[in-house]
Amino acid sequence: MKQKELIEALYNKKLFDQIDLDQTVTKLVNDSRQVEAGACFIAIKGENFDGHQAIAEVVAQGAKLIIVEQLPANYQTIPANFVLVDSSFRAQAILANKFYQEPSRKLKVVAVTGTNGKTTTSSMISDLLTSLDHKTGKIGTLHYKVADTYYPAVNTTPNALHLQALFAEMLERGCQDAVIEASSHALSLGRLWYTDVDCAIFTNLTREHLDFHKTMDNYAYAKSLLFSQLGQAFHQGRPRLAIINKDDPYWEVMAQATAADLVTYSLVDEEATAYASQIQNKETGLAFKLHFNDQVFELELPMRGHYNVSNYLAAFLCLACYYEIDVANILRATKDFKGVSGRMEVLALNKDFDVVVDFAHTSDALERVMQELVSHKQGRLLALMGHSGGNRDSGARPGIGDVLFNYADYIVFTADNPRFEDVTKICHEMIGQHDEKPYTIVEDRKAAVITMLEMAQSGDVLLFAGKGGEGYQIIGDQKIPYDDAEEIMAYYQEN
């Protein structure tokens, strides 16, 4: 695409051209390390680095078109064209959509938002579609998936440039569908601008990220942006669809934000579009009855936690209503569903106690998990937990501690993603004034895992919470490879 074609998409711009605008843009980048000859570089002011500081470097590497919020003092002597905009974040979303030729319009895009359940719900949708012979892409906390290729996840929802590039790759690989997790940060920061979402799903809203959003109302507003941005245009002859959890107090906020058609799900309200009743724990997972279109279906899920029935209802409605897949085929695909890594995952260790790995990292999610485990434990419940919000929402820590001391018989406090915070300080902020249950602090998470495993007795349940399938720890400014399940399996291979 030629430079002049690309920048035609921007209304609010000032062009300072030094060279031929007919030159071809070979690549769109916002990272100076990815520049190549003929690239367009978008200077983004990030948390830790301002791309405007790298202009001399990227021009030396061959960038010919530079998008900026502030012109360099010597721009007239630099052999590149500059486009001055008010917001390079906004320009990035517009230019990425233009450069990759509006890829999300050519895909069926499903976006899931909420505090808890995004990964489970999106994984269920993707896995069920795959069982029904769809070639899918998936973007979320665990990984980015393009057909059968997997990439490590940088953020739950990547920036607009990376996101549009992934959509374009999905199309090249023959994908029909894109299932994405839409985080509140991504919605607030415009990472989903110009992503043409067809079906939006709301799971729930509980306290998280208040260091960023400040209030629950602001947090709810950020989530509601996904629904307001569905717009009012039909796509392929049909309206967009919103799927909303009617059991959550914020469900009406999401419903009022959108002009899309609306379906709901519930574990308590029989008037919801999809309703589940008679949920029972079984050795292999959960059994329940699904009520939909005046019919009742009996199902089983290979997962623990009644809340996972709620997540399944969202996935079911996506396939039944948005994709219009026959219910019999959805139920057939459900029988092949294997569960989600790191979400109430019971490790197959052949021991006389259970080891459970779960991503629960908010007080609400942790309470749901621990309520479930307490309800059928035979011995003790031992819990290992840190707080993922190092240098972030420290106000969430007392609530996490309250849940741990309420349900666990023994607690190992440790690191999660401490970033630059002292781990012992984080742990003491979770402990607060509690002393009614025995506990210990083991700063190194690998050592903490061993501490837990060495305490296990017959009939115990050991919960390793907070990381789930997240394959790293953030210590300082480094992402260090780490996986709870791998550490646990490695311990038993050596002992």
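Me: What should I know about the model and its numbering before I start?
Reply: This is a predicted model, in which local features need pLDDT of at least 70, side-chain atom pairs count only at pLDDT 80 or more, and totals for chains, interfaces and linings use all residues. Residues are numbered from 1 along each chain as its sequence is written, and side-chain values use heavy atoms, with hydrogens and water left out.

Me: How many helices and strands are in the protein chain?
Reply: Helices (H or I, at least four residues) and strands (E, at least two) are DSSP runs, numbered from the N terminus. Here the protein chain has 16 helices and 24 strands.

Me: What does the radius of gyration say about the protein chain?
Reply: The radius is taken over C-alpha atoms, and the globule rule is 2.2 Å times the number of residues to the power 0.38. For 495 residues the rule puts a compact globule near 23 Å, and the protein chain agrees because its value is 24 Å. Along the principal axes, its C-alpha atoms fill a box of roughly 75 × 55 × 40 Å.

Me: What percentage of the residues of the protein chain count as buried?
Reply: Buried means under 20% relative accessible area, exposed over 50%, and partly exposed in between (1.4 Å probe, protein chains only). By that scheme, 57% of the 495 residues are buried.

Me: And how do I read contacts in the protein chain?
Reply: A contact means heavy atoms within 4.5 Å. Among contacts with a separation of 6 or more, 66% join residues 24 or more positions apart.

Me: Where is Ala96, and is Ala96 buried or exposed?
Reply: Ala96 lies in helix H3, and it counts as buried because its relative accessibility is 0%. Leaving aside neighbours within four places in sequence, Ala96 is in contact with Leu28, Ala160, Leu161 and Gln164. Take Leu161: it is 65 residues from Ala96 along the chain, yet their C-alpha atoms are separated by 5.3 Å.

Me: Which residues have a positive phi?
Reply: Start with the general idea: most residues other than glycine have a negative phi. Gln101 has a phi near 60°, and Glu102 has one near 50°. Gln101 is found in the loop between helix H3 (88-99) and strand E6 (108-113), and Glu102 is in the loop between H3 and E6 too. Gln101 counts as exposed at 53% relative accessibility, whereas Glu102 is partly exposed at 37%.

Me: Which backbone oxygen lies 2.7 Å from the side chain of Thr113?
Reply: A polar contact is a pair of N or O atoms within 3.5 Å; within protein, one must be able to donate a hydrogen and the other to accept it, and residues adjacent in sequence count only if both atoms are side-chain atoms. For Thr113, the oxygen belongs to Ala182, at 2.7 Å from a polar side-chain atom. Thr113 sits in strand E6 and is buried, with 0% relative accessibility. Not counting residues up to four places away in sequence, Thr113 also touches others, including Lys118, Leu187, Ile201 and Phe227.

Me: Where is the place of Arg191, and what does its side chain reach?
Reply: Arg191 is in the loop between helix H6 (184-188) and strand E11 (199-202). Its side chain reaches the backbone oxygen of Thr157 at 3.1 Å. At 17% relative accessibility, Arg191 counts as buried. Beyond its neighbours within four places in sequence, its contacts include Asn155, Pro158, Leu163 and His185.
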